[in-house]
Amino acid sequence: MPGRLVVFEGGEGAGKTTQLERLALRLGRHGAQVRALREPGGTPVGDEIRALLLRPGAQIPPRTEALLFMASRAALMQEQVRPALARGEIVLLDRFFLSTYAYQVGGRGLPEDEVRHANAFATGGLVPDVTVLLTVPAELGLSRAARRGAADRMEQAERAFHDRVEAAFARFADPAWQAAHSECGPIVAVPADGSVEGVEERVWQVVAAACPEVQG
Ligand code: TMP
């Protein structure tokens with residue numbers, strides 16, 4: 001059976017990590033082999049890059065920032081994601097290059113086409129089977145993220161930056177945007193306000209439709 005790549009995306013405090021963990025447990029109960037990974041990180045070099053990218057106060061120019069995310073991604077693809085897919089596992093990935101489009105293109109204002117090319121270099125053109133885009137209003141998301149404790153370098157960015165990131169995530173739900181970005185694969189927006197269980201159910205419907213073999 002071919003492996004599947006399921007990506008979770010969304011702004012700060014959208015609940016990606018919680019929902020990814022719940023989905024992993026549920027898939028496991030259906031007998032699927034699941035590998036949960038996150039970006040940036042997931043490899044020895046990726047974990048070091050993550051620490052650098054998120055360190056409060058680190059001065060990182062936008063193009064350097066984009067390339068560091070890509071560098072972590074390239075290692076994760078080669079060392080974790082592609083081998084897991086080859087073994088037929090379901091890979092659940094907490095963020096992928098929609099985050100780069102949101103934060104580095106939308107937020108930092110880098111040229112989309114150049115970022116797209118750099119991303120293709122990093123991923124070798126791997127396209128997710130489905131991306132679950134969790135949507136919450138920026139206000140709610142940032143207040144949830146603030147409750148998690150000390151803000152990292154990205155969370156500390158100015159409010160206008162986060163507004164641009166949020167506006168970018170909102171565009172990804174648009175079928176016209178998706179049609180123009182086939183490198184992202186299918187993206188399904190899932191409203192992430194309301195109960196954790198309710199969101200889990202909506203996520204399950206999306207993933208079960210994309211991976212019919214796991215419904216058992
Ligand atoms: P998180 O996954 O713990 O939320 O932290 C990752 C941070 O890095 C988050 O603020 C989003 C940001 N990010 C980018 O800016 N670009 C990217 O390509 C990725 C994967 C994450």
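Trainee: Which helix gives the most to the lining of the largest pocket?

Mentor: H1 does, with five residues. Before going on, note that this is a predicted model, in which local features need pLDDT of at least 70 and side-chain atom pairs count only at pLDDT 80 or more, while totals for chains, interfaces and linings use all residues. Residues are numbered from 1 along each chain as its sequence is written, and side-chain values use heavy atoms, with hydrogens and water left out.

Trainee: What counts as a pocket, a cavity and a lining residue?

Mentor: The search uses a 1 Å grid over the protein atoms alone; a cavity is a set of points where a 1.4 Å probe fits but cannot get out, and a pocket is an open set with protein on both sides within 12 Å along at least five of seven lines. Lining residues have an atom within 4 Å of a point. Grid points are joined across faces, edges and corners, and a volume is the space filled by probe spheres set on the points. Here the largest pocket has a volume of about 790 Å³. It is lined by 38 residues, and Lys 16, Thr 17, Asp 94, Arg 95 and Arg 148 are the closest to its centre.

Trainee: Which helices and strands each supply at least two residues of that pocket's lining?

Mentor: Helices (H or I, at least four residues) and strands (E, at least two) are DSSP runs, numbered from the N terminus. The elements are helix H1 (16–29), strand S2 (34–38), and helices H2 (44–54), H3 (62–86), H4 (97–107) and H9 (196–210).

Trainee: How do the lining residues of the largest pocket divide by class?

Mentor: Ala, Val, Leu, Ile, Met, Phe, Trp, Tyr, Cys and Pro count as nonpolar, Asp, Glu, Lys and Arg as charged, and the others, Gly among them, as polar. For the largest pocket the division is 14 nonpolar, 12 polar and 12 charged.

Trainee: Is H4 buried or exposed?

Mentor: Buried means under 20% relative accessible area, exposed over 50%, and partly exposed in between (1.4 Å probe, protein chains only). In H4, 11 of the 11 residues are buried, so the helix is largely enclosed by the rest of the structure. Among them are Phe 97, Tyr 101 and Tyr 103. After H4 comes Gly 109, with a positive phi near 85°.

Trainee: How many aromatic pairs does the structure hold?

Mentor: A pair of aromatic rings is described by the distance of the centres and the angle of the planes. Rings of Phe, Tyr and Trp (its six-membered ring) pair if their centres lie within 6.5 Å; planes under 30 degrees apart count as stacked, over 60 as edge-to-face and the rest as tilted. The structure holds seven such pairs. One of them joins Phe 169 and Phe 172, edge-to-face, at 5.6 Å centre to centre and 80° between the planes.

Trainee: Where do Phe 169 and Phe 172 lie?

Mentor: An α-helix has 3.6 residues a turn, so residues three or four places apart point the same way. Phe 169 and Phe 172 both lie in helix H7 (residues 159–172), three residues apart, about one turn of the helix. Phe 172 also pairs with Trp 177, tilted, at 4.4 Å centre to centre and 45° between the planes. Phe 169 is buried at a relative accessible area of 4%, and Phe 172 at 2%. Trp 177 is buried as well.

Trainee: Which residues form the aromatic cluster?

Mentor: Phe 96, Phe 97, Tyr 101, Tyr 103, Phe 161, Phe 169, Phe 172 and Trp 177 form one cluster. A charge sits over a ring if NZ of Lys or CZ of Arg is within 6 Å of the ring centre and within 35 degrees of the ring normal. Arg 108 lies over the face of Phe 161, at 4.2 Å from the ring centre.
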